[in-house]
Amino acid sequence: MTEQDRIHSLVARFGASADRIVVPSGDDAAVVRADGAVSVTSIDAVVEGVHFELPAWPLEAVGRKAVAAALSDLAAMGASAGEVYVAAGLPKELSEAGFDALCDGIAAAAEECGAGVAGGDLSSAGELWLSVTVVGYAATDDAVVTRAGAQPGDAIVVTGALGGSARAIELIAAGTDSADPRLMKQFAPIPRFAAGAALAAHGATAMIDISDGLARDAGQVGDASGVQLTIELASVPLAAGIEDAAFAAASGEEYELLATLPQGQVEFAKSAVAETGTTLTVIGQVTEGTGAELLNVDGARLEIRGFDHFD
Ligand SMILES: [Mg+2]
């Protein structure tokens, strides 16, 4: 398949994937009817050998993960999903069936969030990589929740349960069958758009999606807000089969949302998030200080590093 053949097949597949897209992929640039007062843009890349290994990863999962991980950053702003743009480096040995599976994953992750694939670029490459740009929308700039607004006294909340992603990485490395549902936290992560919107609507003062682990991402919110996030490990919700809260707090690529909000909003936010099909758990309180502190059951401070690409 030539590059032009591949592009034609992509245009045919993604061309009219959302009503907002006025001029789809295939022209020099996409034209999109914006859906709100502000656009919210993020970019995320996945690289073979760094974020995934072949053939342990099905190619469909590679496409899904790349798009879902990028979209999760929009959910963490309280924005809606708009357009997805995918640049890809394809090894020469990637088969047509493999390319199709990759596209299936990209399409599925975008569709599940209501996003349209509006463009992209293909190159040959030594190893497989995808760079995904996502654009979302919010009604006003006040509707967007950054990392920077947490206030002392706010409750710290997290959606879903943690630890399943790190366990999935262990299981993939151990050669577990790719259909095992425990691997889906890695192979088919779910951006929390509805929960993010519910938290934004209920006065979330700061929000982040958990990509580098609860401990590290809580530190990001504390640093950005000029406060300290004090988290009680015993309160951290654990995924099925996970018993070690420290393991869960270091688990990256969870794509759950960590937010801070006024105490008076907690019960309303819990109900609203429950209606989106997941849970909201209070795990601590914002205090004066900087960064994040994780407290053991006995009140002792715990050092959890989380994930850093350049450690
Ligand atoms: Mg993020």
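Residues are numbered from 1 along each chain as its sequence is written. Because the model is predicted, local features need pLDDT of at least 70 and side-chain atom pairs count only at pLDDT 80 or more, whereas totals for chains, interfaces and linings use all residues.

The chain holds 9 helices and 13 strands, these being DSSP runs numbered from the N terminus (helices H or I, at least four residues; strands E, at least two). Of its 311 residues, 48% are buried, a residue being buried if 20 or more other C-beta atoms, placed from the backbone, lie within 10 Å of its own.

An open sheet with mixed pairing is formed by 7 strands in the order 8-10-7-11-9-12-13, where two strands pair if DSSP finds at least two bridges between them. Strand 8 (206-209) and strand 13 (301-302) stand at the edges with a single partner strand each, so one side of each lacks a neighbour in the sheet. Strand 8 pairs with strand 10 (residues 257-261) in the antiparallel sense over 4 bridges, and alanine 206 has threonine 260 of strand 10 as its bridge partner.

The axes of helix 2 (residues 59-75) and helix 3 (residues 96-112) come within 7 Å and cross at roughly 35°, the axes being lines fitted to C-alpha atoms over the stretch in contact and the angles running from 0 to 180 degrees between N-to-C directions. By class, the contact of helix 2 with helix 3 (C-beta atoms, placed from the backbone, within 7 Å) has 12 nonpolar, 3 polar and 3 charged residues, with Ala, Val, Leu, Ile, Met, Phe, Trp, Tyr, Cys and Pro counted as nonpolar, Asp, Glu, Lys and Arg as charged, and the others, Gly among them, as polar.

Methods. Buried ≥ 20, exposed ≤ 12 C-beta atoms within 10 Å, placed from the backbone.
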